[in-house]
Amino acid sequence: MDQIIIKDLEVYGHHGVLKEENVLGQKFLVSMILELPLRKAGYSDDIADSIDYAKVSHLVKEEMEKTTFQLIEALAEHLCDAILLTFPMVTRITMELKKPWAPILLPLDTVSVRLERSRHEVYISIGANLGDKRKNIDDAIDLLKKDKKIDVIRVSDLIETKPYGVTDQPDFLNGAIFLKTLYEADELLDRIHEIEEKLGRERKEHWGPRTIDLDILYFDDEIIETKGLTVPHIEIAKREFVLKPLGQIAPWKKHPVTGKTTQQMLEEIV
């Protein structure tokens, strides 16, 4: 990916664990590698096809001057979020935040923190079979859209499907969502659970009825296996009610383990 590099931007701020650091302040050096597509700008010679690195630099200065953090880790995280939220063209940022005057009572050059943060491309299935099913789904999508760290890109049409697993329950409405997010996978899962809880989801029975159900199908092309999350979703290839709406918005999307596209998996089960 193409890069814009800003090295050792000097900003005075009031960040640190010690009270004196918050009162007196000190110098910080900020270096950033911003990854974004620059080919179009290279041909057009138009700033509209790139980002203004002066604006990036002034944003960093403003954020460092209007906030106070004890840890440079927290400050660096805040700056990464601010840049990614303000400049949508940036797909990934590597930031090093240096503290030349770190109060450790020993000679040193700098103490620094280095972070890498990026936008993630995520596919989610959504479904409901209790209450006003369409409203529940619309409300869940609205809550996703209201989260500043989530950008909902595409939403499929909704389809009515028979229940899966436990069949003695009402029919479902199902759909699929493509979004981009600054959350990591575990953080997005927590956010999804918050939305489900807010909309009345009760986890009483596996494959049972629910007011709303949100499942992470793909998270970039990552393979994730933790206690609370398996990605790609283990049931993707078996579920027509997942593949049909997903095929509407991403028929070409490849399963990172099998290499099969959504369309290929759908053709195998219909």
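A pocket is an open set of points on a 1 Å grid over the protein atoms alone, where a 1.4 Å probe fits, with protein on both sides within 12 Å along at least five of seven lines, and its lining residues have an atom within 4 Å of a point. Grid points are joined across faces, edges and corners, and a volume is the space filled by probe spheres set on the points.

The model is predicted, so that local features need pLDDT of at least 70 and side-chain atom pairs count only at pLDDT 80 or more, while totals for chains, interfaces and linings use all residues. Residues are numbered from 1 along each chain as its sequence is written, and side-chain values use heavy atoms, with hydrogens and water left out.

**Exercise 1.** Describe the second largest pocket by its volume and its lining.

*Solution.* Begin with the volume, which is about 190 Å³. Next, list the lining: Leu-84, Leu-85, Pro-88, Arg-119, Lys-148, Lys-149, Ile-150, Asp-151, Lys-180, Thr-181 and Leu-182. Then assign elements, taking helices (H or I, at least four residues) and strands (E, at least two) as DSSP runs numbered from the N terminus; two or more lining residues come from each of helix H4 (72–86), strand S6 (150–155) and strand S8 (172–181). Finally, sort by class, where Ala, Val, Leu, Ile, Met, Phe, Trp, Tyr, Cys and Pro count as nonpolar, Asp, Glu, Lys and Arg as charged, and the others, Gly among them, as polar: the lining has 5 nonpolar, 1 polar and 5 charged residues.

**Exercise 2.** Determine which residues bring helices H5 and H6 into contact (heavy atoms within 4.5 Å), and classify them.

*Solution.* In H5 the residues are Ala-140, Leu-143 and Leu-144, and they meet Arg-191, Ile-195 and Lys-198 in H6. By class, this contact comprises 4 nonpolar, no polar and 2 charged residues.

**Exercise 3.** Find the backbone features at Asp-8 and at Pro-232, and place each residue in the fold.

*Solution.* Asp-8, although not a glycine, has a positive phi of about 55 degrees, and this residue lies in strand S1 (residues 3–13). Turning to Pro-232, a cis peptide bond joins Val-231 to this proline, with omega about 0 degrees; Pro-232 is found in the loop between strand S11 (230–231) and helix H7 (240–249).
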